[in-house]
Amino acid sequence: MVRRGRHDDLLAIGRLAEVGFWDGYTGLVRPETIGRMLATAYSPGALSRRLLRGGVVVAEDGSGIAGFVDAVPADHGIDVSVIAIDQGSRRRGIGRALIGQAMDHGAAAPLCADVLLGNLDAEAFFERLGFVPGEVVPGAWFDEDVVERRWWLEGQRRGHRGP
């Protein structure tokens with residue numbers, strides 16, 4: 001079942017974020033950067049604000065929260081800022097269901113995800129769901145320079161739908 005995240009999901013979402021960030025970013029950014037990202041974005045207070053904003057959607061299976069997505073409005077459309085799936089629940093359609101909910105959340109807005117270059121698992125995931133690589137987006141995570149690639153859902157580039 002996919003549903004909007006609630007306050008009682010806070011700990012499960014935080015655990016999934018912690019495992020996902022360490023798995024996805026170790027070796028790509030400094031450990032201090034990963035720690036700061038988690039402390040800033042997934043502290044109980046920050047996560048409560050994200051839940052109130054309404055973009056956090058969770059997927060439940062028989063054992064609890066199996067994954068979540070955080071999709072936020074951005075200048076260029078709806079940005080999948082984070083998606084995390086429990087390792088034991090991967091390849092069961094949970095990620096696809098969460099992305100589908102993010103698409104519904106954005107209505108007519110294009111859907112994209114910025115993926116840190118080198119995060120091959122995330123790139124493969126988005127590619128399997130029909131996303132195509134787009135522009136390179138340089139930036140900084142705290143005091144560390146990073147480069148991401150923006151992946152667009154096929155046909156939804158730069159603020160418009162269609163080919």
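1. The mean pLDDT of this predicted model is 88, and 92% of the residues reach 70 or more, where pLDDT is the predictor's confidence in each residue, on a scale from 0 to 100. Over residues 159-163 pLDDT stays under 50, and for this stretch the model has 12 contacts beyond four places in sequence, a contact being heavy atoms within 4.5 Å. Where pLDDT is low, the predicted coordinates should not be read in detail.

2. Some ground rules apply to what follows. Residues are numbered from 1 along each chain as its sequence is written, and side-chain values use heavy atoms, with hydrogens and water left out. In this predicted model local features need pLDDT of at least 70 and side-chain atom pairs count only at pLDDT 80 or more, whereas totals for chains, interfaces and linings use all residues.

3. The protein has five helices and seven strands, and from the N terminus on these elements run β-α-α-α-β-β-β-α-β-α-β-β. Helices (H or I, at least four residues) and strands (E, at least two) are DSSP runs, numbered from the N terminus.

4. As for overall dimensions, the C-alpha trace spans about 40 × 35 × 30 Å along its principal axes. The radius of gyration of the protein is 15 Å, which agrees with the value near 15 Å that a compact globule of 163 residues would have; this radius is taken over C-alpha atoms, and the globule rule is 2.2 Å times the number of residues to the power 0.38. Among contacts with a separation of 6 or more, 57% join residues 24 or more positions apart.

5. Buried residues make up 47% of the 163 residues, and here buried means under 20% relative accessible area, exposed over 50%, and partly exposed in between (1.4 Å probe, protein chains only).

6. Trp-151 lies in strand β7, residues 144-153, and counts as buried because its relative accessible area is 5%. Not counting residues up to four places away in sequence, Trp-151 touches a list of residues including Leu-111, Cys-112, Phe-126, Phe-131 and Pro-133. The C-alpha atoms of Trp-151 and Ala-74 are separated by 14 Å, and the two residues are 77 residues apart along the chain.

7. Asn-119 is found in a loop, between β5 (111-116) and α5 (120-128), yet Asn-119 is counted as buried because its relative accessibility is 11%. Leaving aside neighbours within four places in sequence, Asn-119 is in contact with Gly-24, Tyr-25 and Leu-28.
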